[in-house]
Amino acid sequence: MRRKIVAGNWKMNGSSELVTKLIGGVKSELSAVDKGVEVVIIPPALYLRDVQQEAGDSGLKLGVQNVSQYESGAYTGEISPAMVADVGAEFALIGHSERRALFSETDETIAAKVQCALTHKLTALLCVGETLDERDAGQAETVVCGQVERALAGVSGDSWKQVVIAYEPVWAIGTGKTATADDAQQMHKTIRSLLEKLDAPADTISLLYGGSVKADNAAQMFSQPDIDGGLIGGASLKADDFARIFKAI
Ligand code: PEP
């Protein structure tokens, strides 16, 4: 069975006040969600403990927006997967398009981060997606499959259970433009076929869609056969909007 996941990526937004308000609001809506659905909050790392405290025993899960590929040591400003696991967070976003574009993360770095996250039993939430130029040039599937293949080259055996992939077309992130449900489904199906070729347990790996998911398009996305949930940016910053999205799964 594939995990059903809706994760909210706060990006570099938030404050102590927002944590209290937002988590309070989200918690009060969780009872309306199927027990099997994982609702994940991915705040700036500085607020992890606050979110955790506010979430209490609600069942909300926690993640980070980035992790180091190194174990420990002289890497100023970095956070290791071991530290993430130590404070009780379970998910690590890896290779978000903003990290690739603004912080020059390469496929090689991303693959190393995936390995380090898996070693520490985190769920590696790998983000992949094409730019508009790449889509217009008919390269979308080639680009996305290349990113998946290179990032997951070192994964094998039981570690596949800790891998989740988010397909996030770069042109849809934070723009209000969403892929059509058909286009998103097609890309998810392509990724699943690729996973089969890589000898991964493709039928058990959760694939999420991300890119301007809103309350009014979530249900249609989540009803596609190869879409197992969503990675939500902007709309995860308002409890009502986020709740309407995770209740749509
Ligand atoms: C994201 O940051 O991963 C994302 C999908 O953002 P948004 O929902 O705002 O497009």
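At roughly what angle do the axes of helix 1 and helix 10 cross, and within what distance do they come? The first legend answers this. The model is predicted: local features need pLDDT of at least 70, side-chain atom pairs count only at pLDDT 80 or more, and totals for chains, interfaces and linings use all residues. Residues are numbered from 1 along each chain as its sequence is written, and side-chain values use heavy atoms, with hydrogens and water left out.

**View 1. Helix 1 crosses helix 10 (residues 239–246).** The two axes come within 9 Å and cross at roughly 35°. Axes are lines fitted to C-alpha atoms, for helices over the stretch in contact, and angles run from 0 to 180 degrees between N-to-C directions. Helices (H or I, at least four residues) and strands (E, at least two) are DSSP runs, numbered from the N terminus. The crossing of helix 1 and helix 10 is right-handed, meaning that the near helix is turned clockwise from the far one by less than a right angle. L22, G25 and V26 of helix 1 meet A239, F242 and F246 of helix 10; contact means heavy atoms within 4.5 Å. By type, the residues of this contact are five nonpolar, one polar and no charged. Here Ala, Val, Leu, Ile, Met, Phe, Trp, Tyr, Cys and Pro count as nonpolar, Asp, Glu, Lys and Arg as charged, and the others, Gly among them, as polar.

**View 2. Buried and exposed residues of helix 2 (residues 48–55).** L48, V51 and A55 are the buried residues of this helix. Because they cover an arc of only 65° around the axis, they lie on the same side of helix 2; the arc is that of the directions from the helix axis to the C-beta atoms. Buried means under 20% relative accessible area, exposed over 50%, and partly exposed in between (1.4 Å probe, protein chains only). The buried residues pack against helix 1 (16–27), strand 2 (37–42) and strand 3 (61–64). R49 and Q53 are exposed, on the face turned away from the buried side. Just after helix 2, G56 has a positive phi of about 55°.

**View 3. V64 in strand 3.** V64 has 2% relative accessibility and therefore counts as buried. Leaving aside residues up to four places away in sequence, V64 touches I42, L48, V84, F91, A92 and L93. One of these, L48, is also a buried residue of helix 2.

**View 4. Salt bridges K11 to E98 and E90 to K61.** A salt bridge is a side-chain nitrogen of Lys or Arg within 4 Å of a carboxyl oxygen of Asp or Glu. In the bridge of K11 with E98, the closest N and O atoms are 2.7 Å apart. K11 is in the loop between strand 1 (4–9) and helix 1, and E98 is in helix 4 (residues 97–102), 87 residues apart. E98, at 27% relative accessibility, counts as partly exposed. For E90 and K61, the closest N and O atoms are 3.7 Å apart. E90 lies in the loop between helix 3 (81–86) and strand 4 (91–94) and K61 in strand 3, so this bridge ties together parts 29 residues apart in sequence. E90 (33% relative accessibility) counts as partly exposed, and K61 (22%) also counts as partly exposed.

**View 5. Salt bridge between E105 and K113.** The N to O distance is 2.8 Å. Both E105 and K113 are buried. The structure holds 14 salt bridges.
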